[in-house]
Amino acid sequence: MIKVVYSGTFDPVTYGHIDLVKRALRLFDHVVVAISTGSNKKTLFSEDERLVLAKQVFDMYDTVSVVKFEGLLADFIESCGAKAVIRGLRAVSDFEYEFQMASINHRLNGEFETLFLTPDEKYTCLSSTMIREVARIDPLRVSEFVPQVVLDSLKSKYSN
């Protein structure tokens, strides 16, 4: 079984993330959605909330597991036996950062590859940051970009 890791903060999970997982499943036997907990990013949802939401979203896929990890991605990949990492590229502006990350990860652990996937055209404008910003003002406006469980969580977060 060939595993691939899809790592990120997933704050929150969007249809763009789901699209990339579906694309990865065409190429790999198993996708590990790895929720990063060691990021310096300020997140809306806690580590546990992000883990629960992602598990709910990806529950219907038998060949997807959702875990959280802290530390270096290069070490995590080795520990879970994956052969590659997927990264999503929505626009050219994503490439420079993702290329730098892929390069340092390869220097830290040359035993895996980083593959860049592009989402369906309708998801190229999606980012979790944009979803949080719009949802902060009007959660219902993001309903076409996130699963219902995520929408409900956003509404709950911003109603407090």
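α4 gives the most to the lining of the largest pocket, with 7 residues. This is a predicted model, where local features need pLDDT of at least 70, side-chain atom pairs count only at pLDDT 80 or more, and totals for chains, interfaces and linings use all residues. Residues are numbered from 1 along each chain as its sequence is written, and side-chain values use heavy atoms, with hydrogens and water left out. Helices (H or I, at least four residues) and strands (E, at least two) are DSSP runs, numbered from the N terminus.

**Pocket and cavity**

Both kinds of space come from a 1 Å grid over the protein atoms alone: a cavity is a set of points where a 1.4 Å probe fits but cannot get out, while a pocket is an open set with protein on both sides within 12 Å along at least five of seven lines, and lining residues have an atom within 4 Å of a point. Grid points are joined across faces, edges and corners, and a volume is the space filled by probe spheres set on the points. For the classes in the table, Ala, Val, Leu, Ile, Met, Phe, Trp, Tyr, Cys and Pro count as nonpolar, Asp, Glu, Lys and Arg as charged, and the others, Gly among them, as polar.

| Space | Volume | Lining by class |
|---|---|---|
| Largest pocket | about 960 Å³ | 14 nonpolar, 16 polar, 9 charged residues |
| Largest cavity | about 40 Å³ | 4 nonpolar, 2 polar, 2 charged residues |

The largest pocket has 39 lining residues, and those nearest its centre are Ser 7, Gly 8, Lys 41, Arg 87 and Glu 98. Besides α4, the elements that supply at least two residues each to this lining are β1, α1, β4 and α5.

With 17 residues, α4 reaches 25 Å from its first C-alpha to its last, close to the 24 Å expected at 1.5 Å a residue (1.5 Å times one less than the number of residues). Its buried residues (under 20% relative accessible area, 1.4 Å probe, protein chains only) are Asp 94, Glu 98, Ala 102 and Asn 105. Among the elements covering them are α3 (73–80), β4 and β5 (113–117).

**Nonpolar cores**

A nonpolar core is a set of buried Ala, Val, Leu, Ile, Met, Phe, Trp, Tyr and Cys residues joined through side-chain atoms within 4.5 Å. The largest one has 33 residues, of which Val 13, Val 31, Val 33, Phe 58 and Leu 154 touch the most other members. Elements supplying at least two of its residues include β1 (3–8), β2 and α6 (148–159), but the largest share, 5 residues, comes from α2. There's also a second, separate core of 12 residues, including Val 32 and Phe 76.

**A loop and a strand end**

Asp 11 and Pro 12 are joined by a cis peptide bond, with omega about 5°. Pro 12 sits in the loop between β1 and α1, and Phe 10 is found in the loop between β1 and α1 too. Phe 10 has a positive phi, near 50°, and is buried at 3% relative accessibility. Most residues other than glycine have a negative phi, and most peptide bonds are trans.

Ser 36 lies in strand β2 (residues 30–36) and is buried, at 16% relative accessible area. Its contacts (heavy atoms within 4.5 Å) are Gly 8, Thr 9, Arg 50 and Phe 69, leaving out residues up to four places away in sequence.

Technical notes. Buried means under 20% relative accessible area, exposed over 50%, partly exposed in between (1.4 Å probe, protein chains only).
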